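Here's a quick briefing on a ligand and the space around it. Have a look at the model first, then we'll go through it.

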Amino acid sequence: TPSNPYPHVTHNETFTIEGISYKLDDQTNVSPSILSKLSRKLHLQPHHPLYILRTQIEQHFPHFSYFNTFNPIVTVQKNFDDLGFPKDHPGRSKTDSYYINKQIMLRTHTSAHQLEVFSKMNTKFLISGDVYRRDEIDSSHYPIFHQMEGAQIFNIQNIEQEISKDKKYLISLNSRKIPLRDNSEVNDDTIISTNNPIQSCHPIEQVNFAIKHLKFSLNSLIKKLFINHDENLKIRWIDAYFPFTCPSWEMEIFFKGKWLEICGCGIVDQNILNKAGQSDKIGWAFGLGLERIAMVLFDIPDIRLFWSQDERFLDQFTDFNDNKIIKFLPFSKFPPCIKDISFWLNDQNFHENNFCEIIRNNAEDLVEDVKLIDDFVHPKTKKRSLCYRINYRSMDRTVTNDEINKIQERVREDIEEKLNVTLR
Ligand code: FA5
Ligand code: MG
């Protein structure tokens, strides 16, 4: 049984989380409802769809080291500074990230562990874990989700030998032959563009090798995961930007009529490898969103379901084996309870993530969706008014109007008190 994760407030200025006490300060913005989820570790819970997906990905990278139990409480240094995030990067903002205090936060991505793992002289590894971001509320957003980080770096001296004599294959480190021109859109045109340049310290042949190896590794992974669903799965690579890779891409797949972003990736910033004591290497890294993939693979319609303790959800995944497609059979939807809330803003500081956080703290997983339905400025007073529609619904029972009214009342009080707005 998991240890009690609720922070025990020992006195006004200290939290205790899993036995460690933390000083609070004016950067603190974690809430009990978030901290209560730290101990769930869904990616380590046998038969959970995120566990199944994690182990499938691990099987695709058989000679890698796996790190699945790093603590999600990390220093700001690890999450941002070590990776070269500029001081004014929007991801650092309190509206977007959860802080325990000025120095310590909940990781926003598994990349937070890249430097420490490279520093232990690892050259190929996977890291899975829960990551935390303040965000909007709907069926595909939840303040906690899971990522799988992957990286592989190559000794610069060896790269020449790893291209076969006929130049048709890359020989990967586990001696698998990788065709240099496979038909999965490993496309030379995407390699060098002025918006997405290579690092000036990198010789072109070596970067090309690393890029092709990255694209092959990810294309083949995604094709393997989706083989039972779509033999002709379409994949595309879009130029992207991350402070810790260059060049960088986002990989998207075409699924049910839409392009869906699956991961971010790129060539590891050489400064990181230098700091890690591996300056003689060059290589790639990626970060996959596990929920995104699991939702399409297993037909899971709402991201809250991953957190369900309802056996009607969990039992569906216990008979899993590699050759069978699992399709989640949704239990019938219970009726929603819809409440609108409108208010005047009294200053410019309103941020939707703060509003959603207050709803989440009061409603927990009973909130399904929050949408802005009206936004206008009064012609005379110039005051701005917002109206949000909150859709409350439980995934396992019918909610009563009474209980939702109570929650809504607390939401109203909280937002008036904390967000400097006037309720209408
Ligand atoms: C990152 O987090 C980078 N650390 C990824 C990376 C790693 C780039 C290594 C380069 C090298 P991003 O914020 O785009 O990037 O998130 C990565 C993936 O996580 C996304 O592609 C998506 O699949 C998933 N993801 C992001 N936000 C959410 C969310 N709110 N809910 C569910 N999944 C999400
Ligand atoms: Mg992204």
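Which pocket does ligand 1 take up? In this predicted model, the space taken by ligand 1 is the largest pocket. That pocket holds about 1200 Å³ of space, and its lining runs to 49 residues.

**Who sits around the ligand**
- There are 24 residues around ligand 1, and His109, Ser111, Arg133, Gln147 and Glu261 come nearest.
- Sorted by class, this shell has 10 polar, eight nonpolar and six charged residues.

**Polar contacts and cover**
- Glu261 puts a polar side-chain atom 2.7 Å from an oxygen atom of ligand 1.
- For Gln147, a side-chain N or O atom is 3.1 Å from an oxygen atom of the ligand.
- Gly289 uses its backbone instead: an N or O atom there lies 3.4 Å from a ligand oxygen atom.
- On its own, ligand 1 has 670 Å² of accessible area, and the protein covers 92% of that.

**Which elements build the site**
- Strand 7 (144-155), strand 11 (245-255), strand 12 (258-268) and strand 13 (281-289) each give two or more residues to the ligand shell.
- Strand 12 gives the most to that shell, with five residues.
- Strand 12 also has the largest share of the pocket lining, at nine residues.
- Among the elements that supply at least two lining residues are strand 10 (235-242) and helix 7 (290-297).

**The pocket lining**
- Nearest the pocket centre lie Arg133, Phe145, Gln147, Glu261 and Arg292.
- By class, the lining has 21 nonpolar, 16 polar and 12 charged residues.

Methods
Residues numbered from 1 in each chain as written. Chains lettered and ligands numbered in written order. Predicted model: local features only at pLDDT ≥ 70, side-chain atom pairs only at ≥ 80, totals over all residues. Heavy atoms only, no water. Near = heavy atom within 4 Å. Polar contact = N/O pair within 3.5 Å; in protein donor to acceptor, adjacent residues only side chain to side chain. Areas by Shrake-Rupley, 256 points an atom, 1.4 Å probe, with all protein chains shown as cover. 1 Å grid on protein atoms, 1.4 Å probe; cavity = no way out; pocket = protein on both sides within 12 Å on 5 of 7 lines; lining within 4 Å. Sits in = over half its atoms within 2 Å of the grid points. Helix = DSSP H or I, 4+ residues; strand = E, 2+ residues; numbered from the N terminus. Nonpolar A, V, L, I, M, F, W, Y, C, P; charged D, E, K, R; others polar. Points joined across faces, edges and corners; volume = space filled by probe spheres on them.
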